[in-house]
Amino acid sequence: ALPMTVCLAYAGILMDERRQTAAACDSITSIARMAPAISNLVHAMQKERGQTAGYIGYKGASFQDTLPALRDDTDAAVQLLQRDLARYRAGNGDPKLTTAVEAAISLAADATGGRETYDALSLTVPDMAARYPSTIAALMAAISAMAYASSDDAVNKRISALLNLMEGKERAGLQRAYGSVGFSTSGFSP
């Protein structure tokens, strides 16, 4: 009877280890789905911000034909992220990551909620552009939170690489948005 008890106990330990491994894989899969959705939203918001800056800088004379499609892209990216977040939440995902993504989605709604004022040319480019960086920073913070939700070193290295790439793109995007203003006004002030 003792050997059978030992075998059953060992089998129970192995089954628990396998269950933990499967749960970790599910978590990594959910994170892997959400990372591109966050990255796509950042990219869409960067494009929208840049063309909105040009639109305001050129007093509505440029970008009026391409801006609606970019806004649709941003809205679609928000919806995709909301869908992926719901899946992640349903799988009992990490609460810190869930909170970070929810905060970023809320900020995205605030940033894109001012489109009517942008169209009416009621804001300056710096005032308009100030609404986007906090949202993009929150989305990048959500990417950073993914590292805490994963215990896999290889996944965390990829998350870090993605975050570094996104930060570089954001810096370049800000320069491009403000450059658009300088070109539209035929000058740059210090």
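Two residues are in contact when heavy atoms of theirs lie within 4.5 Å. In this predicted model, 73% of the contacts with a separation of 6 or more join residues 24 or more positions apart. Local features need pLDDT of at least 70 and side-chain atom pairs count only at pLDDT 80 or more, while totals for chains, interfaces and linings use all residues. Residues are numbered from 1 along each chain as its sequence is written, and side-chain values use heavy atoms, with hydrogens and water left out.

The chain has seven helices and zero strands; both are DSSP runs numbered from the N terminus, with at least four residues (H or I) for a helix and at least two (E) for a strand. Of the 190 residues, 38% are buried, that is, under 20% relative accessible area, where exposed means over 50% and partly exposed lies in between (1.4 Å probe, protein chains only).

Next comes the interior. A nonpolar core is a set of buried Ala, Val, Leu, Ile, Met, Phe, Trp, Tyr and Cys residues joined through side-chain atoms within 4.5 Å. The largest one holds 45 residues, and Met 34, Ile 38, Leu 81, Leu 97, Val 101 and Met 146 touch the most other members. Helix α1 gives the most to this core, with 12 residues. Beyond its neighbours within four places in sequence, Leu 97 is in contact with residues including Ile 31, Met 34, Tyr 88 and Met 146.

Asp 84 has two arginine partners to look at. Its salt bridge with Arg 83 is 3.0 Å, N to O, and in that with Arg 87 the closest N and O atoms are 3.9 Å apart. Arg 87 and Asp 84 are separated by about one helical turn because they are three residues apart in helix α2. Asp 84 is buried, with a relative accessible area of 5%, whereas Arg 83 is partly exposed at 41% and Arg 87 is partly exposed at 43%.

How values were computed: Salt bridge = Lys/Arg side-chain N within 4 Å of Asp/Glu carboxyl O.
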